[in-house]
Amino acid sequence: MSVVTRFPPSPTGLMHIGTARTLLYNWLFARKHGGKVVFRIEDTDRERYDPAHVQALINGVKWIGLDYDGEIFSQYENRTRHAEVAQELLKAGKAYYCYCSPDELDAMRENAKAEGKPTFYDRRWRDSKETPPADVKPVIRIKAPIDGATTVPDHVQGDVTVNNEQLDDMIILRSDGTPVYMLAVVVDDHDMGVTHVIRGDDHLNNTFRQNLIYDAMGWKKPEYAHLPLILGPDGSKMSKRHGAASVEEYRDMGYLPEAMRNYLLRLGWSHGDDEIISDAQALEWFNLEHVVRSPARWDFDKLNHLNAHYIKLADDQRLLELIAPFLPAKNDARILAMMQELKSRAVTLIQLADEAAFLAKSVPLDFTPEAEKLLDADAKVAIKAATDKILALQDFTAPAIEQTCRDLAKDIAGGKLGKVMMPLRAALTGRDKSPSLFHAMEILGKEETIKRLKAVGPDASR
RNA sequence: GUCCCGUUCGUCUAGAGGCCUAGGACACCUCCCUUUCACGGAGGCGACACGGGUUCGAAUCCCGUACGGGACGCCA
């Protein structure tokens with residue numbers, strides 16, 4: 001049997017981070033077993049449907065670096081087939097028409113809750129001999145077993161058992177003839193040959209309802225794996241309140257897709273002591289057995305750590321392209337020349353861009369308050385002295401510049417290199433923190449270096 | 001309210017009865033490196049929710065309590 005997994009998001013907005021992880025697990029599981037992933041948009045709710053949301057989902061999949069097999073499937077377009085199944089169930093006596101109004105249902109709900117009953121629908125139309133009201137369009141409900149218990153085997157949760165009295169005669173076809181989600185998923189999963197349903201924990205209870213349909217149709221049920229949900233850093237539900245709940249936001253914050261993949265994979269799944277896991281290793285190692293059973297909190301620190309790691313590994317040219325949107329000015333040659341050092345320091349692409357920015361700027365630089373403070377009277381003397389020395393320097397390379405600066409420090413600062421370098425740092429970068437200045441000066445070139453030094457030296461007009 | 005699921009360092013987790021004086025990672029602290037900030041390197045702090053069983057022996061099995069999460073729509 002070849003494996004078929006599924007990616008069935010509902011288009012409600014941006015791609016949620018939990019959705020991304022679910023896709024990752026489905027993708028890994030399918031690919032590992034040489035199977036397929038089908039992408040199906042659960043768009044049966046027409047009131048909330050928005051093509052932009054579908055596009056957001058597609059963008060999300062693309063960004064995170066995963067793919068799917070075949071065309072994107074629209075659940076809505078298959079509604080006729082869903083309705084046929086409902087009719088089939090009706091004919092077989094496994095489903096029935098129910099003429100209750102929403103108001104009646106509300107009343108039943110209130111009532112059942114007050115009495116502490118597990119389900120609310122009283123099944124009044126299940127075997128009713130009453131003549132149906134002519135002016136009411138009925139829904140179709142499926143007949144659930146009245147007593148006994150049902151067990152669902154789950155690859156993550158183990159065997160889960162529920163008493164059948166917890167199961168309602170749920171609606172499978174709305175009064176307007178459109179299928180309800182519960183029906184649509186089952187029919188689609190069956191028709192598409194889905195073998196493994198790997199989805200969020202929030203669907204665990206639905207599994208029992210969905211199995212009702214499989215049983216009534218005599219279809220083979222898929223294997224299930226219910227993943228625990230991702231919680232926000234404070235243990236509550238992951239939402240915008242926590243900074244970011246969608247993959248798009250993480251992209252915009254400067255995270256690398258491979259870092260996200262590693263983080264998401266490891267959040268809720270483990271392979272011994274391994275933390276840094278490549279795509280190839282993930283493919284080789286992934287299994288459902290080591291999926292954790294309890295919900296995990298989102299941890300920005302760990303994500304940051306992974307992101308920093310993957311930035312160091314990333315190709316320089318690629319990084320240059322990725323930080324371009326965050327850069328106020330461009331100077332590809334300089335930034336590329338310094339990339340090795342820049343990327344060893346950055347946690348996010350935004351930080352990388354921020355650290356690289358000084359290379360592309362031109363005088364007059366803007367100075368941070370800390371840099372401003374560094375540029376006092378003593379500093380200007382040092383800058384002037386350095387300017388003179390550098391002007392005289394023939395071999396304008398990092399080692400030669402370093403030697404010059406060290407010599408100068410001996411002459412005017414009792415050997416304290418910092419006394420010379422910190423003023424230069426402020427003058428050259430506009431900051432009090434930066435990568436190595438010797439290398440930076442070489443990259444800026446003699447002309448630009450002198451220009452920046454003169455702009456803040458004692459003779460400057462500022 | 002009813003039902004389902006879960007509970008190991010602050011966080012993510014390893015652990016499937018003796019290998020556990022509970023391992024790793026992130027964060028935090030200290031030191032080293034150092035022109036700044038980082039990177040990197042070396043150390044350190046730090047957990048089996050609680051209470052009962054079962055067993056020669058329990059983080060691991062059973063029961064209960066507490067806490068957390070989820071589901072109870074003509075939403076998906």
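Predicted model: local features only at pLDDT ≥ 70, side-chain atom pairs only at ≥ 80, totals over all residues.
## Around RNA strand B

Let's start with the RNA. There are 65 residues around RNA strand B, and the nearest of them are F120, R174, E275, R345 and S434. Sorted by class, this surface is made up of 23 charged, 22 nonpolar and 20 polar residues.

Some individual side chains are worth a look in the viewer. R266 has a side-chain N or O atom 3.0 Å from a sugar or linking oxygen of RNA strand B. Several elements give two or more residues to the surface near the RNA, among them helix 4 (102–115), strand 7 (158–163), helix 10 (300–313) and helix 18 (437–456).

## Helix 11 against helix 13

Two packed helices are described by the angle between their axes and the distance between the axes. For helix 11 (residues 316–323) and helix 13 (residues 349–360), the axes come within 9 Å and cross at roughly 90 degrees. An angle of 65 to 115 degrees counts as roughly perpendicular, so that is how helix 11 and helix 13 are placed relative to each other.

Which residues in helix 11 and helix 13 meet? Helix 11 brings L319, L322 and I323, while helix 13 brings L349, L352, A353 and A356. By class, the residues of this contact are 7 nonpolar, with no polar and no charged ones.

## E42, a buried glutamate

E42 belongs to the loop that runs between strand 2 (36–41) and helix 2 (51–64). Is E42 buried or exposed? Buried means under 20% relative accessible area, and E42 has 8% relative accessibility, so it counts as buried.

The side chain of E42 makes a polar contact of 3.2 Å with the side chain of Q75. Beyond its neighbours within four places in sequence, E42 also touches P8, P9, S10, P11, Y181 and V185, along with Q75 itself.

## Helix 8, enclosed

Helix 8 (residues 257–266) has 10 of its 10 residues buried, so this helix is largely enclosed by the rest of the structure. Charged side chains take part too: E258, R261 and R266 are among the buried residues of helix 8. After helix 8 comes G268, which has a positive phi near 110 degrees.

Notes:
Residues numbered from 1 in each chain as written. Chains lettered and ligands numbered in written order. Heavy atoms only, no water. Near = heavy atom within 4 Å. Polar contact = N/O pair within 3.5 Å; in protein donor to acceptor, adjacent residues only side chain to side chain. Helix = DSSP H or I, 4+ residues; strand = E, 2+ residues; numbered from the N terminus. Axes fitted to C-alpha atoms, helices over the stretch in contact; angles between N-to-C directions. Parallel < 35°, antiparallel > 145°, perpendicular 65-115°, else oblique. Contact = heavy atoms within 4.5 Å. Buried < 20%, exposed > 50% of the residue type's maximum accessible area, 1.4 Å probe, protein only.
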